[in-house]
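Dear colleague,

Please find the structure below for your review. A summary of the findings follows it.

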Amino acid sequence: MTEQNQLPLDQGESQFFRLRLFVIGASPNSVRAIANLKIICEQYLKPNYELEIIDVYQQPLIAKEEQIIALPLLIKKSPGVERKLIGDMSNTDKVLKGLGILTES
Amino acid sequence: MTKLHKKQQLITFEQLPKTPTGITGLDEITGGGLPNGRPTLICGEAGCGKTLMSLEFIVRGATEFNEPGVFMAFEEKADELASNVASLGFDLIKLQDDKKLRLDHVHIDRSEIEETGEYDLEGLFIRLGFAIDSIGAKRVVLDTLENLFSGLSNQIILRAELRRLFTFLKEKGVTAIITGEKGDGSSLTRQGLEEYVSDCVILLDHRVVNQISTRRLRVVKYRGTQHGTNEYPFLIDEDGISVLPVTSLVLEKEVSSKRISSGIPSLDSMFGGKGFFQGSSILVSGTAGTGKTSIAACFANEVCNNKKKCLYFAFEESPKQILRNMKSINLDLQKHIDNGLLEFHASRPTLYGLEMHLVAIYKIIKRFKPAAVILDPITNLITVGSVSEVKSMLIRLIDFLQDEQITVMFTALSLNTVVSEQTDEGVSSLVDTWLLVRDIESNGERNRGLYIMKSRGMSHSNQVREFTITDKGLSLVDVYLGPDGVLTGSAREAQKLREKTGVALREFAISRKDKEILRRRMMLESKIASLQAEFESTEEELNKIYLEEELKQNIIERNRQEITDIRRGNADTLKSKSKSKK
């Protein structure tokens with residue numbers, strides 16, 4: 001199962017994941033999201049990823065630019081089309097699907 | 001009683017603070033505006049004007065009350081919104097540059113978003129909070145918040161967050177409007193937003209009746225304050241939204257006891273010689289072709305002759321037609337138009353709905369400031385509304401006009417088939433003066449009879465007058481009350497002629513009788529004379545006989561004496577006798 005799932009990653013070594021995670025301070029959801037996402041990244045993306053964590057409280061203007069409504073929000077800038085994932089990233093399957101790593105559930 | 005009164009006064013003092021919307025009429029219904037610092041829900045079907053009403057609230061706040069506002073659009077993009085309302089004269093771009101307004105488009109697309117667990121809407125809060133703080137906004141609009149439900153699937157989180165949002169807005173102290181689509185059945189909004197917004201709920205409605213659409217507004221609830229509870233029509237035109245409440249919910253109008261002439265001296269005389277009250281409402285009703293328009297034009301002419309302005313709303317004829325037709329009865333209205341004293345506004349009633357008519361009339365009156373207004377005829381408005389709607393429109397119009405001290409004259413067509421004249425659009429009870437022109441048909445001709453059905457506050461004639469339209473103008477003639485009843489028109493003339501003949505005949509007869517008497521007298525006198533003569537002759541005759549008799553007697557006596565003397569032979573006696581005779 002894992003072999004098949006990791007197929008896209010194996011195929012494109014060049015695929016580099018640029019991720020931005022928007023959080024709000026140290027709210028429970030944010031803390032969980034950061035922790036969950038780090039685990040996922042370490043497990044599936046390493047070392048081809050870059051994770052930027054932004055505290056929206058510090059930069060309120062960015063909320064408008066990035067059309068942020070629900071938080072925590074993860075934006076996958078590349079590869080492929082931009083995807084948005086909201087929530088505390090506790091549902092790993094959904095996160096992987098959203099990132100395009102998991103093609104079939 | 002007095003205690004109660006005091007209590008009531010106390011309540012009005014404690015009224016909750018309100019934020020004026022600046023929308024024409026809405027502040028009157030809500031008694032000052034929306035609840036200050038609280039959220040208000042505006043709900044209604046698609047296309048009923050929710051977005052526009054909320055946007056106008058923001059724009060008016062920014063331009064008229066110096067209260068900056070935030071408009072958060074969940075449906076339209078900022079530039080779309082700006083171009084949509086540019087036609088109403090709202091320059092959103094400039095207001096944004098002046099930091100009076102902040103437009104924020106919230107884009108949610110379910111297909112772009114993957115939900116991976118617990119989340120909250122803090123992002124929205126931060127955006128909103130930042131927008132409010134950056135311009136010091138006092139007003140916030142969220143249009144349409146319910147779009148969140150289509151973008152995000154976790155209802156439990158959403159509902160909890162909405163509740164938090166309203167608390168957040170209250171904490172910020174902003175007056176907020178939340179719009180929501182009308183839900184199925186009895187619910188006001190699809191997502192039950194009304195359970196979160198409990199302070200003020202306004203329901204908008206857009207109905208099409210007889211192919212004519214009318215927008216309506218109703219304040220469903222408004223906590224802690226009095227408000228109008230009716231459905232009020234409103235419309236959207238080039239100046240934004242106008243809600244039309246019955247202009248004065250209280251009947252406390254100024255009244256004038258000044259009189260103005262009707263333009264027909266003989267009609268004035270029916271009103272004690274002075275005419276109508278200034279600022280009163282006059283209804284002229286009658287069947288077709290009885291001269292209602294002529295009376296109205298005559299009145300307009302009189303108003304203009306007194307150097308006052310007059311507005312003429314024609315729903316049946318074009319101004320040119322009226323001008324031409326009135327020329328035939330010696331009324332030159334063109335000169336008043338040239339002087340700017342008279343203005344015609346002709347429109348087909350079916351051009352737009354009643355409310356639109358009312359607003360059009362409002363606007364023109366506000367601009368022109370006339371002393372008198374004529375609506376000719378109101379009957380045609382029936383084609384665009386029911387009797388009750390026309391009545392409510394006219395009530396509002398009369399209220400408005402009386403507030404402005406403008407005299408108004410309506411003409412109304414009453415149908416021949418209508419037995420009772422009490423149903424002229426139901427306005428007959430509203431108007432101060434009601435003139436009725438009706439046909440009086442007899443002897444194969446039709447004549448106009450005019451009478452005053454009512455005229456409040458002045459003595460007026462109760463007589464039916466014959467109303468004549470000639471090339472000299474209009475005038476009223478006393479109808480002929482003869483032994484055969486009320487006569488008009490040629491019957492009246494005929495009766496007059498008949499009377500004249502009668503007089504001549506009588507005079508002739510009298511003179512003939514006089515002559516007869518004279519003659520008779522002469523005859524009798526001559527008779528008397530002849531009798532007299534006869535009598536004299538008879539008398540003479542009788543006298544003659546008498547004298548003759550005496551003479552005869554004397555002679556006989558003498559003869560006998562002589563004979564006696566002779567017989568006696570007594571000469572002495574004869575001598576003495578002849579001596580004594582001497």
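**Findings**

B:Arg218 is partly exposed, because 17 other C-beta atoms lie within 10 Å; a residue is called buried at 20 or more other C-beta atoms within 10 Å of its own, exposed at 12 or fewer, and partly exposed in between, with C-beta atoms placed from the backbone. This is a predicted model, in which local features need pLDDT of at least 70 and side-chain atom pairs count only at pLDDT 80 or more, while totals for chains, interfaces and linings use all residues. Residues are numbered from 1 along each chain as its sequence is written, and chains are lettered from A and ligands numbered from 1 in the order in which they are written.

B:Arg218 belongs to strand 10 (residues 212-222) of chain B; helices (H or I, at least four residues) and strands (E, at least two) are DSSP runs numbered from the N terminus. Apart from neighbours within four places in sequence, B:Arg218 contacts B:Leu203 and B:Glu231, a contact being two C-beta atoms, placed from the backbone, within 7 Å. The C-alpha atoms of B:Arg218 and B:Ile29 lie 9.2 Å apart, although the two are 189 residues apart in sequence.

**Nonpolar core**

The largest nonpolar core has 159 residues, and B:Ala300, B:Cys310 and B:Ile374 have the most contacts inside it. Such a core is a set of buried Ala, Val, Leu, Ile, Met, Phe, Trp, Tyr and Cys residues joined through C-beta atoms within 7 Å. Helix 10 (residues 292-305) of chain B gives the largest share of this core, 8 residues. Domain 1 (12-243) and domain 2 (259-478) of chain B each contribute at least three residues to this core; the domain bounds come from an automatic or database domain assignment. Not counting residues up to four places away in sequence, B:Ala300 touches B:Cys310, B:Tyr312, B:Leu333, B:Leu342 and B:Ile374.

Chain A has 5 helices and 4 strands, in the order α-α-β-α-β-α-β-β-α along the sequence. Of its 105 residues, 32% count as buried.

The contact between the chains takes 28 residues from chain A and 21 residues from chain B. On the side of chain A that touches chain B, helix 4 (60-65), strand 4 (83-86) and helix 5 (92-99) each supply at least two residues. Strand 4 of chain A pairs in the parallel sense with strand 6 (residues 113-115) of chain B over 3 bridges, where pairing requires at least two DSSP bridges between the strands. A:Lys84 has B:Ile113 as its bridge partner in strand 6 of chain B.

Yours sincerely
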